[in-house]
Amino acid sequence: MTGTSTYGLLNDIFSQIVGLFRGELDLARTEVQENLKKAVVAIGMVGASIVIFLVALNVLAASLVDGVAELGIGAGWAALIVGVGFLIIGIILALTGKSSLQSASLSPTRTTKNVKRDVRTTKEATHGR
């Protein structure tokens, strides 16, 4: 083999490795963006649960006034029944949003696995020759 063909072969291998890692970097960037979108949705759910909690407080106050006239029961009991209903809805939203936020890992797991595989394959190809 001549020096030129060895240089060309090494240059070709290096170019392929650089291209491979650029592709993995693009995949990592895409994966992080997807995970951030999931996190934003989860944060929105937590925000919605806060709004529901505020509604529950308003209903509790309104129920104190209207409970006796509308239902014929004490104002305290009417406020408690309606307030507990909205509170349960708010808790469900908060827990669902928190769970979604925890499960939305921001690290690019697929890319990490692919890079490890690519490094292993590159080592095998260069040590095997």
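This report walks through the overall fold, the salt bridges and a nonpolar surface patch of a predicted model.

## About the model

Residues are numbered from 1 along each chain as its sequence is written, and side-chain values use heavy atoms, with hydrogens and water left out. Because the model is predicted, local features need pLDDT of at least 70 and side-chain atom pairs count only at pLDDT 80 or more, while totals for chains, interfaces and linings use all residues.

## Overall fold

Let's start with the big picture. The protein has three helices and zero strands, giving the pattern α-α-α along the sequence. Helices (H or I, at least four residues) and strands (E, at least two) are DSSP runs, numbered from the N terminus. Helix H1 covers residues 3-71, helix H2 residues 75-103 and helix H3 residues 109-128.

Of the 129 residues in the protein, 19% are buried; buried means under 20% relative accessible area, exposed over 50%, and partly exposed in between, with a 1.4 Å probe and protein chains only. The accessible surface comes to about 9200 Å², and carbon and sulfur atoms make up 69% of that surface. Accessible areas come from the Shrake-Rupley method with a 1.4 Å probe, and for residues only the protein chains shown count as cover. Among contacts (heavy atoms within 4.5 Å) with a separation of 6 or more, 77% join residues 24 or more positions apart.

## Glu 31 and its surroundings

Glu 31 sits in helix H1 and counts as buried because its relative accessibility is 4%. Leaving aside neighbours within four places in sequence, Glu 31 is in contact with Ser 107, Pro 108, Thr 109, Arg 110 and Thr 111. The side chain of Glu 31 also reaches the backbone nitrogen of Arg 110 at 3.1 Å.

## Salt bridges

There are four salt bridges in the structure, each defined as a side-chain nitrogen of Lys or Arg within 4 Å of a carboxyl oxygen of Asp or Glu. One of them pairs Glu 31 with Arg 110, with the closest N and O atoms 3.6 Å apart. Glu 31 lies in helix H1 and Arg 110 in helix H3, so this pair ties together parts that are 79 residues apart in sequence. Arg 110 has 44% relative accessibility and therefore counts as partly exposed.

Arg 110 also meets the side chain of Glu 34 in a salt bridge, at 3.3 Å from N to O. This pair links distant parts of the chain as well, with Glu 34 in helix H1 and Arg 110 in helix H3, 76 residues apart. Glu 34 is partly exposed, at 37% relative accessibility. Together, Glu 31, Glu 34 and Arg 110 are linked in a network of salt bridges.

Another salt bridge joins Arg 117 and Asp 118, whose closest N and O atoms are 3.3 Å apart. Arg 117 is partly exposed at 39% relative accessibility, whereas Asp 118 is buried, with a relative accessible area of 5%.

## A nonpolar surface patch

Leu 71, Ile 73, Trp 77, Leu 80, Ile 81, Val 82, Val 84, Ile 88 and Ile 92 make a nonpolar patch of about 860 Å². Patches are made of residues with over 30% relative accessible area and no salt bridge; like charges are joined within 9 Å, and nonpolar side chains (Val, Leu, Ile, Met, Phe, Trp, Tyr) within 5 Å.

Helix H2 supplies the largest share of the patch, seven residues. Ile 88 has its place in helix H2 and counts as partly exposed because its relative accessibility is 47%.

Key:
Polar contact = N/O pair within 3.5 Å; in protein donor to acceptor, adjacent residues only side chain to side chain.
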